[in-house]
Amino acid sequence: MSPTGDVDVLEALASLPTMAHPTVSPDGTEVAFYYDVTGRNELHVLDAESEAGNTSDGRGGAAGADALEQWSDGEVPRDARWFVEWAADGERVFFHRDEDGDEQNDIYAIDRDGSVEPVVEMEGQCMLTSVADAGDRIVFASSRDGQMNAYGHDLESGETTKLTDYDRAVWGALLSPDGEHLAYATNETDDFDNQDAYVADADGSNPRNLELGEVGAECGPADWGPDGDRLLVSDNTPDLGRAGVYDLDADAVTWLGDGEYDESGVTFVDDERVLASREREAVTMPVVYDLASGEGRELDLPEGVASTGWAFSDAVLGDGRVLIQHTTPTRRTELLAYDLDADEYEVLLEAEYGPFDPDDFADAEYLTVESDGVPETPQRAVEHDPYDELDIGALLYDSGERPSPLIVNPHGGPMARDAKRFDLYTQVLAMRGYSVLQVNYRGSTGRGREFKERLLDDWGGAEQGDVATAAEAVLDRYDWLDEDRVVVFGGSYGGYAAYWQSVQFPDLYDASVAWIGISDLEDMYENTMPHFKTELMEKYLGTPEENPDLYEERSPVTHVENVDAPLFVVHGVNDRRVPVSQARIVREALDDAGYHEGEDGDFEYEELGEEGHASSDQEQKLRLFRILDDFLDRRIGAPAEAAADD
């Protein structure tokens, strides 16, 4: 149950303090992360050696206020999308700063007294990937020259040097501990789906493809070993992802695991152990592997989503414990210190719940449905023959409302998946009485390369049929769901799905909300950032010149005349991933097709200023919650009131 009385539920939910991107200091005694406990995103540093609780169930004891120090005061971005990383001396933290969410990041540094200075300022998007152990330089990726390539920056001289020059994007460039080598991933083959792991000299010279996987598979580095003679890598040659340790001297790789689950390498814990991340059904769990025996075990944590950070963040504390972020559908993200030897953990930073309790939140039921990509609902835009029948996983959140309207919420990416984590947007909807269905359609991650590649050349095809089929299945399975109040709502590629569902399966939905969504594939190709052009659009669909019919046919804007229920178009004006032109094109097409805009019209339109591709800022989240809640209340809330009056 949600709080009663004078509590503004939407404001209370948007104001729940959120921690993001924790990373361990070089000496292992501190953790830097973004935290908006003040109401605005700020950089905080936690003394990890301060006494917390001694409980092993994760429910008690967290570092006190005296162990948490706020370094910034408005200098870091409001949106906590991009990670932070320590300088080698532990006296500064690097962060990414853009203009109102446009993701054209420059790299800045902040020290303990709050002084901020620019480190790298250049055109395009800059993304820090490595800090030299010697403290003399950093490596970062940048799209300055058109494609995402690796650059080195000398911290003393201020000189920046381009290290790689590939036509395809370069990912995860990592300096070895001795600073002599650079590991990264890119693709030089004619197979657009391919990705290989490389090792070069630190200046980018003498690059060597390690040839660890087959052509067409994806392989890349995750972390250097402590001595720089080994490299932790990930590869999906056998279909399900696997982690391996590559020995540079022997030019040989040892693969870990038994191939039962989709796994990827994360980090070296020490000389003898590595961490990997395991995906199974809708949970993500860390696995520790002993390199001598090859044996691995999941960490002893409640099922949910447990991770050790993003990008190259260090996750090992000075006492050997591992830093873990852990969350479940009803428990918000907490920061844990996990003792691998004792299989115990303690909470370093507890989640805050404001006026709520974990029992107030809707839990997730994991279910599967059989889908051949063609639902019973008529296909109005493109007629598809049945595809291969697959078991499609989904999560259903029951709001408790009876009867309950249903929000179908396809995830973005599309190289992503929904899992058993705390999802604030889902809980906002559930607390307003809407049950939520999330579908891991074909093309989602976590089930191997073959499942993910089923989306190639088929946007708007079987994956959208999977979404509609899952919606039909839960409406048939649960009689407490109201089949007359079904809405599709999604952001980014989920926004593409919302557009497509509204034009392909209009008979299924009573309203649609497309947030930062793709509507016109050719315009997206021409105007997105360079690495999204090649690694998203070309990888999945080819170019508009190569496949003009596919680009036109699978663009939702081509079929706007099929829209048959209120459509809400929402987009950030500073979005560089999915440019705001995508929303404006739809608006113009709807106008041209004779649809009327307005609260009582056929569609509604909202541009969000000072915002890019979504935002974690509390005020900006609340703005979206309010306009979304208002739209849903006006457009599909009425049938419930009418039913109550009958």
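Reply: L231 stands opposite Y246, a residue of strand 19. Strand 18 (residues 230-235) and strand 19 (residues 242-247) run antiparallel and are joined by six bridges. Two strands count as paired if DSSP finds at least two bridges between them. The strands themselves are DSSP runs of E with at least two residues, helices are runs of H or I with at least four, and both are numbered from the N terminus.

This is a predicted model, in which local features need pLDDT of at least 70 and side-chain atom pairs need pLDDT 80 or more, while totals for chains, interfaces and linings use all residues. Residues are numbered from 1 along each chain as its sequence is written, and side-chain values use heavy atoms, with hydrogens and water left out.

The two strands belong to an open sheet of four strands in the order 17-18-19-20, with antiparallel pairing. Strand 17 (219-224) and strand 20 (252-255) are the edge strands, each pairing on one side only. On average, neighbouring strands in this sheet are turned by 30 degrees against each other, direction ignored. Such angles are taken between axes, which are lines fitted to C-alpha atoms (for helices, over the stretch in contact); they run from 0 to 180 degrees between N-to-C directions.

C219 has a relative accessible area of 2% and is buried. Buried here means under 20% relative accessible area, exposed means over 50%, and partly exposed lies in between, for a 1.4 Å probe and protein chains only. C126, at 0%, also counts as buried. The structure holds zero disulfides, a disulfide being a pair of cysteine sulfur atoms within 2.5 Å.

Another set of antiparallel strands includes strand 14 (residues 181-186). Strand 13 (residues 171-175) joins strand 14 through three bridges, and L175 stands opposite L182. Five residues lie between these strands in their hairpin, where G179 takes a positive phi near 75 degrees. Strand 14 also pairs with strand 15 (residues 196-201), over six bridges, and the bridge partner of A185 there is A197. Five of the six residues of strand 14 are buried.

A further open sheet has eight strands in the order 29-30-32-31-33-34-35-36, with mixed pairing. Strand 29 (364-371) and strand 36 (603-608) have a single partner strand each, so one side of each is left without a neighbour in the sheet. Neighbouring strands here are turned by 20 degrees against each other on average, direction ignored. Strand 30 (residues 390-397) pairs with strand 32 (residues 435-440) in the antiparallel sense over five bridges, with L396 and L437 as bridge partners.

Helix 4 (residues 462-477) packs on this sheet and touches strands 29, 30, 31 (404-408), 32 and 33 (481-491); its direction makes about 115 degrees with that of strand 29. Contact means heavy atoms within 4.5 Å. Helix 9 (residues 581-592) lies across strand 35 (567-572) and strand 36, at about 155 degrees to strand 36.

T426 is found in helix 2 (residues 424-431) and is buried, with a relative accessible area of 2%. Apart from neighbours within four places in sequence, T426 is in contact with Y397, N409, V436 and Q438.

Aromatic rings come last. Rings of Phe, Tyr and Trp (its six-membered ring) pair if their centres lie within 6.5 Å; planes under 30 degrees apart are stacked, over 60 edge-to-face, and the rest tilted. The count comes to 24 aromatic pairs. One of them is W71 with W86, edge-to-face at 5.8 Å centre to centre and 85 degrees between the planes. W71 lies in the loop between strand 4 (68-70) and strand 5 (85-86), and W86 in strand 5, so the pair ties together parts that are 15 residues apart in sequence. W71 is buried at 4% relative accessible area, and W86 is buried at 2%. The ring centres of W82 and F83 are 6.5 Å apart with planes at 55 degrees, so this pair is tilted. Both W82 and F83 are buried. Elsewhere, Y441, W459, Y493, Y496, W500 and Y540 form one aromatic cluster.
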